[in-house]
Amino acid sequence: MIPFEYHAPATVGDAVAMLAARDGAKLLAGGQSLVPALTYRLARPGVLVDINALPLADVVRTNGHVRLGALVRHHVLEESPDVRRWCPLLAEAVAYVGNARVRTLGTLGGSLAHADPAAELPVAMVALDARFAAVGAAGSREIPAGEFFRAPLTTALAADEILTAVDVPVTRGAGTAFVELARRPGDFPLVSVAAVVAVDRAGRVADARVVFGGLAGAPQRSAPAEDALRGHEPTPERIAAAAHAARRALRPETDVFASGAYRAHLAEVLARRALRTATNRALTVEVR
Amino acid sequence: MIVRFTLNGRPREVETEPHRTLLDVLRDTLGQLEAKEGCAEGACGACTVLLDGRPASSCLTLVPLVEGRRVTTVRGLERDGRLHPLQESFVAHGAVQCGFCTPGVLLTALWYVEKNPGADREQIRQALGGNLCRCTGYTKIVDAIEAWSRRATAEAGP
Ligand SMILES: Cc1cc2nc3c(=O)[nH]c(=O)nc-3n(C[C@H](O)[C@H](O)[C@H](O)COP(=O)(O)OP(=O)(O)OC[C@H]3O[C@@H](n4cnc5c(N)ncnc54)[C@H](O)[C@@H]3O)c2cc1C
Ligand code: FES
Ligand code: FES
């Protein structure tokens, strides 16, 4: 590892000022992506701004939302009663992230800002229509999850911006599911799917969201799958048709881990499973 | 920089640099060789320590992050010079071959079973998903942990 200058500011304002003042300054959160990059000298920041002392680790339930600080650790997301109750998709997704040690230190903000194209949390956030809060030298702004992820390891954040929090609408009344396939437990998945399904009183799909990870540089929402479900009874046949419609619109690329054709096949199978589970959960929520 | 933390119950203060990892400091500064370096990228578990009671990869923990925290290595498991019952179970079941993975496996298993008393084989295997062993084939490791988990649950009573 190449030595760097180290700062641990206590306020977001100070952290932003340090980022803005120095070219090549980098933020350090849990270090679970950054430290390997430093070890291999893929990243050589002159200055490291450690944000672990910032007051950004809270999970707060507000009206219709759960607000998650950027420093919420993966294991807190996994275990938080508020998250499990109000946005269970996040707890289900984060359980797939790495191993127990990654989840001890890794943070929500770090995972979203790092934006690995196969990472689970970006997919879940797009499916939940979350809003990201960022603070930079030019002030603060909100970015919808759907516009945040631009390309592999590339987000809408400017170099001097810090992701501070994520507002997640509660999925009360809807059923959600996250499924993935990885070669080994703890690996990044080849393909992942997040599904959110709301069913109305007549038993028809009022709204559906289907988002894939691992198929492109950023999470992919599937309009064809969602359209195939909306307004219809979510029968197994209808769900299978929706998953098939999703697949037909996808053109996943081939890489060293899997061929595009295999990824497309996985996308259909996993979408079917996710939609079935989300629908069953939506129906049991209705009864409760 | 000076970093202060508790290592196996004992307060420590080290003079170090911010680009060192906890693994560097344990091995090179403090001479505590029980934490091993396998992969240096968070995947193998040989460097596992408990950080405030939860497993962490010391190879991916920059040392400023341990300021004020509790670090436990496998040495922290002995009581009054005697092995921890989980360690005894590893000995009894022949769950150690070269021993390189053993400190990390012990710490991970201890954390998991204390959190999930009576954990079954499948749960134990899942919990150890991030700890690689190149020697044993895992069967005896899981045997040892399962036997200890059962005994600990039985002793705790219903
Ligand atoms: C063995 C292993 C397996 C893994 N498996 C998975 C997996 O299956 N799925 C998965 O999704 N991830 C996986 N990860 C990555 C893990 O989830 C990381 O914790 C996460 O990607 C980064 O979070 P962090 O807090 O550790 O961030 P860091 O490593 O500290 O930072 C990552 C990047 O984000 C920037 N950053 C951090 N916080 C902010 C912020 N608040 N605002 C702006 N920029 C910020 C940093 O500057 C840096 O560029 C794995 C990691 C390891 C080591
Ligand atoms: S050396 Fe740290 S996980 Fe392999
Ligand atoms: S005993 Fe040799 S690596 Fe596990």
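Predicted model: local features only at pLDDT ≥ 70, side-chain atom pairs only at ≥ 80, totals over all residues.

1. Let's begin with helix 2 (residues 85-93) and helix 5 (residues 139-156) of chain B, whose axes come within 8 Å and cross at roughly 135°. That angle makes helix 2 of chain B oblique to helix 5 of chain B. The crossing of this pair, helix 2 and helix 5 of chain B, is right-handed.

2. Who touches whom in that pair? From helix 2 of chain B come B:Pro85, B:Leu86, B:Ser89, B:Phe90 and B:His93, and they meet a set in helix 5 of chain B that includes B:Ile141, B:Ala144, B:Ile145, B:Trp148 and B:Arg151. By class, the contact of helix 2 with helix 5 of chain B holds eight nonpolar, two polar and three charged residues.

3. Helix 5 of chain B also packs on helix 3 (residues 102-115) of chain B, at an angle of about 35° and with the axes 11 Å apart. Here too the crossing, of helix 3 and helix 5 of chain B, is right-handed. On the helix 3 side of chain B the contact uses B:Val105, B:Ala109, B:Leu110, B:Val113 and B:Glu114, while helix 5 of chain B supplies B:Ile141, B:Ile145, B:Trp148 and B:Ser149. Sorted by class, the contact of helix 3 with helix 5 of chain B has seven nonpolar residues, one polar and one charged.

4. The remaining pair to look at is helix 2 and helix 3 of chain B: their axes come within 10 Å and cross at roughly 125°. Helix 2 of chain B is therefore oblique to helix 3 of chain B. In this contact B:Leu86, B:Gln87 and B:Phe90 of helix 2 of chain B meet B:Thr102, B:Val105, B:Leu106, B:Ala109 and B:Leu110 of helix 3 of chain B. The residues of the contact between helix 2 and helix 3 of chain B divide into six nonpolar, two polar and no charged.

5. Now for the ligand. Ligand 1 lies between chains A and B. Of the 34 residues around ligand 1, A:Leu27, A:Gln32, A:Leu34, A:Thr107 and A:Glu120 come nearest.

6. Which backbone atoms does ligand 1 approach? An oxygen atom of ligand 1 is 2.7 Å from a backbone N or O atom of A:Gln32. A polar backbone atom of A:Leu163 lies 2.9 Å from a nitrogen atom of ligand 1. For A:Asp187, a polar backbone atom is 3.5 Å from an oxygen atom of ligand 1.

Terms used. Residues numbered from 1 in each chain as written. Chains lettered and ligands numbered in written order. Heavy atoms only, no water. Axes fitted to C-alpha atoms, helices over the stretch in contact; angles between N-to-C directions. Helix = DSSP H or I, 4+ residues; strand = E, 2+ residues; numbered from the N terminus. Parallel < 35°, antiparallel > 145°, perpendicular 65-115°, else oblique. Left-handed = near helix turned anticlockwise from the far one by under 90°. Contact = heavy atoms within 4.5 Å. Nonpolar A, V, L, I, M, F, W, Y, C, P; charged D, E, K, R; others polar. Near = heavy atom within 4 Å. Polar contact = N/O pair within 3.5 Å; in protein donor to acceptor, adjacent residues only side chain to side chain.
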